[in-house]
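Subject: Structure handover

Hello,

Here is the structure I promised to pass on. Please have a look at it first, then read my notes below.

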Amino acid sequence: MYLKRLKSTLLTQLNGKWYYQDELYTGIVFFDKPNNQLEAYEVREGEIGLPYISPCQIGLPSPISIDSTGFCNEDLDEYGCGTIPQLYQGKLYQGMSYTFDKGICEREIYTIENGETENQIMWWTNPYEPSMFELRYDYDQSGFNYSNTSQEYVTFGYGKTCKETNQLEDISIKYIPKTNRLGGLTIIGNILNSRNYLNCPVPLPKMYELIENYRYFVFDKFVSLRISEDMIDKLFCIWMTNNSFSHVEKIYISGLDGLKDLDVFSNTQSFSSLREVFLDKKTSLEQIERLKAVLPHINIVY
């Protein structure tokens, strides 16, 4: 599903077409140029097409692209401080850089004027899938993030602030494949209807399918929920019907003021395992007192 991203040295050219392992190549090809510079092109069925524009670079300038293998700022950032600049020929570098493992692209990075990383994608080289990315786009105030580096969970998030209305759309999930449960969920704004998370420039069909089936979420023993106040009533009704909370022992909730019927928490079938509730600091005192009355034997932290 994901395109390969290979140096031209791993390909062969025959009769004007490019091949990889005796098959016509479809993917991205990188050509080495002097001084660690690169040229990258899209290839379809062996034929070179348009220059490749990385998702890290959308809307951003990059006069050149470089191969920073061996001197990548992210490799030098041992402590994850995020302030190690990318240097090229002794100067701060703004633009696209790539790193490679045996000719296979494993990372795409865009660094800004001070050389610090703005956008980044890391790729598994076998299978060829994204392992993580962080992408921010100032031109439309949107951003995407994804991580599949943990053995226990996968995370995906999207957020955008509308310039005209200053309204926020936000969705994020923390998915635990082993149990098919969610450990975290954010739903803010009109995101379930707009589905703007589908605009992610690195497609994630498995994450999309998960979100599309939000009605059937099953939450883990501890779950963190950030839900818009105007959405929480509707969503809790759906999840109660589908017994989504049956495993929940501890729950953090932001947006509780929008939930009209707090008796849902005393439903011993839906919340049979509930022991502790953590509330967002913005939760009103009135709603906190109402919840205490409904759950006198449950520890409520606020």
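Contact here means heavy atoms within 4.5 Å. Leaving out residues up to four places away in sequence, lysine 7 touches Val29, Phe30, Asp32, Leu38, Asp67, Phe100 and Gly103. Please keep in mind that this is a predicted model.

Lysine 7 sits in strand β1, which covers residues 4–7. Is lysine 7 buried or exposed? Its relative accessible area is 8%. Buried means under 20%, so lysine 7 counts as buried. Asparagine 180 is 173 residues from lysine 7 in sequence. In space, the two C-alpha atoms are 38 Å apart.

Now the chain as a whole. The protein chain holds 5 helices and 22 strands. Its C-alpha trace spans about 75 × 40 × 40 Å along the principal axes. There are 302 residues, and 45% of them are buried. Take the contacts between residues at least 6 apart in sequence: 51% of these join residues at least 24 apart.

Next, surface and charge. The protein chain exposes about 16300 Å². Carbon and sulfur atoms supply 48% of that area. Side chains come to 28 positive and 40 negative. The centres of the two sets lie 3 Å apart.

Then the largest pocket. How much space lies in it? The figure is about 330 Å³. The pocket is lined by 14 residues, and the closest to its centre are Tyr146, Asn148, Pro205, Lys206 and Met207. Helix α3, residues 205–212, gives the largest share of the lining, with 5 residues.

One is serine 68, in the loop between β8 (65–67) and α1 (73–76). Serine 68 has a relative accessibility of 0%, so it counts as buried. What does serine 68 touch, beyond residues up to four places away in sequence? The partners are Gln86, Ser97, Tyr98 and Thr99.

The other is isoleucine 288, in helix α5, residues 285–294. Isoleucine 288 is buried because its relative accessible area is 2%, and the cut-off for buried is under 20%. Setting aside neighbours within four places in sequence, isoleucine 288 is in contact with Leu279, Thr283 and Tyr302. Leucine 256 is 32 residues away from isoleucine 288 in sequence. From C-alpha to C-alpha, the distance between isoleucine 288 and leucine 256 is 9.0 Å.

Last, some backbone points. Most residues other than glycine have a negative phi, and most peptide bonds are trans.

- The peptide bond from asparagine 126 to proline 127 is cis, with omega near 0 degrees. Proline 127 is in the loop between β13 (117–123) and β14 (130–137).
- Asparagine 35 is not a glycine, yet its phi is positive, at about 60 degrees. Look for asparagine 35 in the loop between β5 (27–32) and β6 (37–44).
- Lysine 102 also is not a glycine and has a positive phi, of about 55 degrees. Its loop runs between β11 (95–101) and β12 (104–111).

Is lysine 102 buried or exposed? Lysine 102 has a relative accessible area of 76%. Exposed means over 50%, so lysine 102 is exposed.

Over to you.

Best wishes

How values were computed:
Residues numbered from 1 in each chain as written. Predicted model: local features only at pLDDT ≥ 70, side-chain atom pairs only at ≥ 80, totals over all residues. Heavy atoms only, no water. Helix = DSSP H or I, 4+ residues; strand = E, 2+ residues; numbered from the N terminus. Buried < 20%, exposed > 50% of the residue type's maximum accessible area, 1.4 Å probe, protein only. Areas by Shrake-Rupley, 256 points an atom, 1.4 Å probe, with all protein chains shown as cover. Lys, Arg positive; Asp, Glu negative; His and termini not counted. Charge placed at Lys NZ, Arg CZ, Asp CG, Glu CD. 1 Å grid on protein atoms, 1.4 Å probe; cavity = no way out; pocket = protein on both sides within 12 Å on 5 of 7 lines; lining within 4 Å. Points joined across faces, edges and corners; volume = space filled by probe spheres on them.
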